[in-house]
Amino acid sequence: MSNDTSTYQFPSKTIETKYPLIDNDPHFKRVIRYARPSDYVHGVVAAAAGPGLLWTMEVFHPSRVGKGGFAQAMRLAGGIGVCGGFIYFYQRSILRFYGMSENAREIQMDMREMVDRAKAGLPLYGESQLTPAMQGVAARQSRYSALFMHALPWFNFVNHNQHGVDTAKYYQQAERELEAERLAKSGN
């Protein structure tokens, strides 16, 4: 029995959801790219809520903290608000990858991106400098991490090929498109 796990891929966890799974461990940049305008709006509102509420309380019931005290409190509330707003924005976007909210737009974007990569002969999920074993470790550590984002923000910055979906659909679609392109060229 071999102890070499460098070539073994551990099965990817999947969660039953109402909408189709796109990716159970999307790369950080991909989550940002696929974000909807409504995600940005929700993130900005969440970021502004803390400082806005602090300012409102100060208007109706002044704290009288002394010279510069309120400004420091506003800067702290602003910093915490920006962090919280970004996490809220990110989580709204990534939950669509998991299939936990409506994701028709993201399914189309995913199919287009992956088919284009397959047609170009590129690795679907990008190239990685890590060994396959370390890619597996990274995938297991960040898979479905957004479900615990409220306690520990954890993002996937590693390109790997363990995303919980069957990638054959991308290659099959790429073959169909290449065949259609070939037929269109030969018909002219």
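User: Where does arginine 64 lie in this model?
Analyst: Keep in mind that we're looking at a predicted model. Arginine 64 isn't a glycine, yet its phi is positive, about 55 degrees. As for its place, arginine 64 sits in the loop between helix 2 and helix 3.

User: Is arginine 64 buried or exposed?
Analyst: The cut-off for exposed is over 50% relative accessible area. Arginine 64 has a relative accessible area of 70%, so it counts as exposed.

User: And tyrosine 144, is that buried or exposed?
Analyst: Tyrosine 144 also has a positive phi of about 55 degrees without being a glycine. You'll find it in the loop between helix 5 and helix 6. Buried means under 20% relative accessible area. Tyrosine 144 has 8%, so it is buried.

User: How does tryptophan 55 count: buried, partly exposed or exposed?
Analyst: Tryptophan 55 is in helix 2 too. Beyond its neighbours within four places in sequence, tryptophan 55 is in contact with Phe70 and Met74. Tryptophan 55 comes in at 48% relative accessibility, so it counts as partly exposed.

User: How far apart in space are tryptophan 55 and aspartate 25?
Analyst: In sequence, tryptophan 55 and aspartate 25 are 30 residues apart. In space, going C-alpha to C-alpha, the gap between tryptophan 55 and aspartate 25 is 39 Å.

User: What about methionine 149 and glutamine 91, how far apart are they in space?
Analyst: Methionine 149 lies in the loop between helix 5 (132-142) and helix 6 (168-187), and at 1% relative accessibility it counts as buried. Setting aside neighbours within four places in sequence, its contacts are Ile87, Tyr90, Gln91, Trp154 and Phe155. Methionine 149 and glutamine 91 are 58 residues apart in sequence, but C-alpha to C-alpha they are separated by 7.4 Å.

User: Which residues are closest to the centre of the largest pocket?
Analyst: The largest pocket has a volume of about 200 Å³. Helix 1 and helix 4 each supply at least two residues of its lining. Of the 16 lining residues, the closest to the centre are His27, Arg30, Glu113, Tyr125 and Asn159.

User: How far apart are the end C-alpha atoms of residues 17-102?
Analyst: UniProt, in an unreviewed entry, lists residues 17-102 as "domain: NADH-ubiquinone oxidoreductase 21kDa subunit N-terminal". In the model, that span is 69% helix and 0% strand, and its end C-alpha atoms lie apart by 10 Å.

User: And how far apart are the end C-alpha atoms of residues 111-185?
Analyst: The unreviewed UniProt entry annotates residues 111-185 as "domain: NADH-ubiquinone oxidoreductase 21kDa subunit C-terminal fungi". This span is 52% helix and 0% strand, with its end C-alpha atoms separated by 24 Å.

Conventions
Residues are numbered from 1 along each chain as its sequence is written. This is a predicted model: local features need pLDDT of at least 70, side-chain atom pairs count only at pLDDT 80 or more; totals for chains, interfaces and linings use all residues. Side-chain values use heavy atoms; hydrogens and water are left out. UniProt positions are given in the numbering used here, feature names are shortened, and annotations may be inferred rather than shown by experiment. Helices (H or I, at least four residues) and strands (E, at least two) are DSSP runs, numbered from the N terminus. Buried means under 20% relative accessible area, exposed over 50%, partly exposed in between (1.4 Å probe, protein chains only). Contact means heavy atoms within 4.5 Å. On a 1 Å grid over the protein atoms alone, a cavity is a set of points where a 1.4 Å probe fits but cannot get out, and a pocket is an open set with protein on both sides within 12 Å along at least five of seven lines; lining residues have an atom within 4 Å of a point. Grid points are joined across faces, edges and corners, and a volume is the space filled by probe spheres set on the points.
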